[in-house]
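The explanation below follows the model shown here.

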Amino acid sequence: MSEPLSASANTTDLIRVESLKKYFPVRTGVLQRVTAWVQALDNVSFTIRRGETLGLVGESGCGKTTVGRTMLRLIEPTAGKVYFDGIDVFSLKGEALKRLRRRMQIIFQDPYASLDPRMPIGESVMEGLVIHNVGNAKDRYEIVINNLRKVGLEDYHARRYPHEFSGGQRQRIGIARALALNPDFVVCDEPVSALDVSIQSQVLNILKELQESLNLTYLFIAHNLSVVEHISDRVAVMYLGKMVELTTRDELFCNPLHPYTQALMSAIPIPDPKIRRERIILKGDVPSPLRPPSGCRFHPRCPVVMDYCAVEEPRFQEVSPDHFVACWRIA
């Protein structure tokens with residue numbers, strides 16, 4: 001069995017994440033001493049290929065958003081490495097980090113909170129151009145208008161304020177802002193979860209069209225498996241700060257191997273009342289990341305648990321071509 005990441009970089013990989021960890025301190029008392037650590041991410045490894053969309057799914061609190069923010073250095077890591085186009089992201093400082101950030105952008109989950117209510121949306125989209133000294137005032141304005149048109153907005157919208165737009169329009173503005181600096185890689189942090197279903201499809205189609213025309217690479221974070229199936233090329237499944245399965249979209253939805261992935265798939269509604277799917281109901285609640293279980297973190301809720309699952313953590317390994325799983329029953 002081979003590891004999900006090899007020592008030699010694959011030229012088709014734009015992003016390589018190696019043993020990424022992020023622990024948040026818990027401080028108590030008058031002196032605010034650190035008394036515990038929240039293990040948000042623990043030894044997460046994966047790759048993202050150029051031009052693809054990697055979907056990242058899991059329950060709320062499993063660490064999906066922390067992965068994206070840590071990769072972009074919006075949150076500093078506890079340990080691990082992230083390589084972007086062969087560059088060690090965590091080793092960069094100052095001007096070198098600023099230059100790299102032009103190539104790595106993010107679309108935030110909340111289209112209401114991610115825009116400054118006191119700033120016209122044209123200025124919000126232009127803000128990154130000003131910070132990075134891109135062109136003159138006329139060039140920046142043309143880039144803003146061009147990006148607003150790409151996401152289906154009109155020129156006059158640049159003079160309006162966020163409260164004048166619907167949720168779907170605000171998310172389009174967020175997309176235009178992320179594309180203003182012409183990035184190679186975009187973290188889409190649940191970009192449609194706050195939108196109506198009818199608007200979700202429009203935003204997803206915009207993202208797919210922009211990916212094809214601009215050769216973008218996406219990390220698409222979501223908890224809606226139907227959305228992930230629609231937009232992703234490969235899908236990674238996380239549970240309590242750990243990666244449990246990673247494979248192509250078709251393989252995951254046709255042949256999920258990890259018990260947690262199987263439980264997630266059984267919850268997807270089928271739009272046919274004549275077809276019934278056997279539902280896998282997981283027992284208990286998700287354990288606290290403050291005190292994660294020993295061995296496999298899923299074993300307290302696993303329907304096929306073995307005694308050994310509580311003793312040692314399973315290795316995240318390739319069990320078939322391009323299909324990685326961390327489970328003792330499959331190892």
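**Burial, packing and voids**

D110 counts as partly exposed, because its relative accessibility is 34%. Its place is the loop between β6 and α3. From D110 to R160 the separation is 50 residues in sequence and 19 Å in space, C-alpha to C-alpha.

The model is predicted, so its confidence comes next. The mean pLDDT of the protein is 90, and 96% of its residues reach 70 or more. Residues 1-9 have a pLDDT below 50, and beyond near neighbours in sequence this stretch has 20 contacts in the model.

R234 counts as buried because its relative accessibility is 3%, where the cut-off for buried is under 20%. This arginine lies in strand β9. Leaving aside residues up to four places away in sequence, R234 touches T47, I48, R49, E52, T53, L54 and G55, and also L246, T247, T248, R249 and D322.

L240 lies between β9 and β10, in a loop, and has a positive phi of about 50° although it is not a glycine. With a relative accessibility of 3%, L240 therefore counts as buried. R73 also has a positive phi without being a glycine, in this case of about 65°. The loop that holds R73 runs between α1 (64-71) and β4 (79-84). At 11% relative accessibility, R73 falls under the 20% cut-off and so counts as buried.

Burial can also be followed along a whole element. Helix α9 covers residues 259-266, and it is largely enclosed by the rest of the structure because seven of its eight residues are buried. The buried residues are P259, Y260, T261, A263, L264, M265 and S266. They pack against α7 (225-231), β9 (234-239), β10 (242-248) and α8 (249-254).

Next come the nonpolar cores. In soluble globular proteins, nonpolar side chains tend to be buried together. Here the largest nonpolar core has 53 residues, and the members that touch the most others are L148, I175, L207, L210 and F220. Take I175 as an example: not counting residues up to four places away in sequence, I175 touches I107, V151, V203, I206, L207 and L210. Another core lies apart from the largest one and has 34 residues, including M71, V89, L97 and F324.

What remains is the space that the atoms leave empty. Rolling a probe the size of a water molecule over the atoms shows where such space is left. How many cavities of 30 Å³ or more are there? The count comes to two.

The largest cavity has a volume of about 80 Å³. It is lined by 13 residues, and those closest to its centre are P259, C296, C302, C309 and C327. One of these, P259, is also a buried residue of α9. By class, the lining of the largest cavity consists of 10 nonpolar, two polar and one charged residues.

The second largest cavity holds about 40 Å³ of space. Its lining is made up of E59, S60, G61, C62, Y239, L240, Y260 and V286. Among them, L240 is the buried residue with the positive phi of about 50°, and Y260 is one of the buried residues of α9.

Unlike a cavity, a pocket is an open set of points. The largest pocket contains about 460 Å³ of space. Its lining has 19 residues, of which Q105, I106, G128, I131 and L181 are closest to the centre. The elements that contribute two or more residues to this lining are α2 (94-101), β6 (104-107), α3 (121-131) and α5 (167-179). Which element gives the most to the lining of the largest pocket? It is α3, with six residues. The loop that holds D110 lies between two of the elements named here, β6 and α3. By class, the lining of the largest pocket has 11 nonpolar, four polar and four charged residues.

Note on methods:
Residues are numbered from 1 along each chain as its sequence is written. Side-chain values use heavy atoms; hydrogens and water are left out. On a 1 Å grid over the protein atoms alone, a cavity is a set of points where a 1.4 Å probe fits but cannot get out, and a pocket is an open set with protein on both sides within 12 Å along at least five of seven lines; lining residues have an atom within 4 Å of a point. Grid points are joined across faces, edges and corners, and a volume is the space filled by probe spheres set on the points. Ala, Val, Leu, Ile, Met, Phe, Trp, Tyr, Cys and Pro count as nonpolar, Asp, Glu, Lys and Arg as charged, and the others, Gly among them, as polar. Helices (H or I, at least four residues) and strands (E, at least two) are DSSP runs, numbered from the N terminus. pLDDT is the predictor's confidence in each residue, from 0 to 100. Contact means heavy atoms within 4.5 Å. A nonpolar core is a set of buried Ala, Val, Leu, Ile, Met, Phe, Trp, Tyr and Cys residues joined through side-chain atoms within 4.5 Å. Buried means under 20% relative accessible area, exposed over 50%, partly exposed in between (1.4 Å probe, protein chains only).
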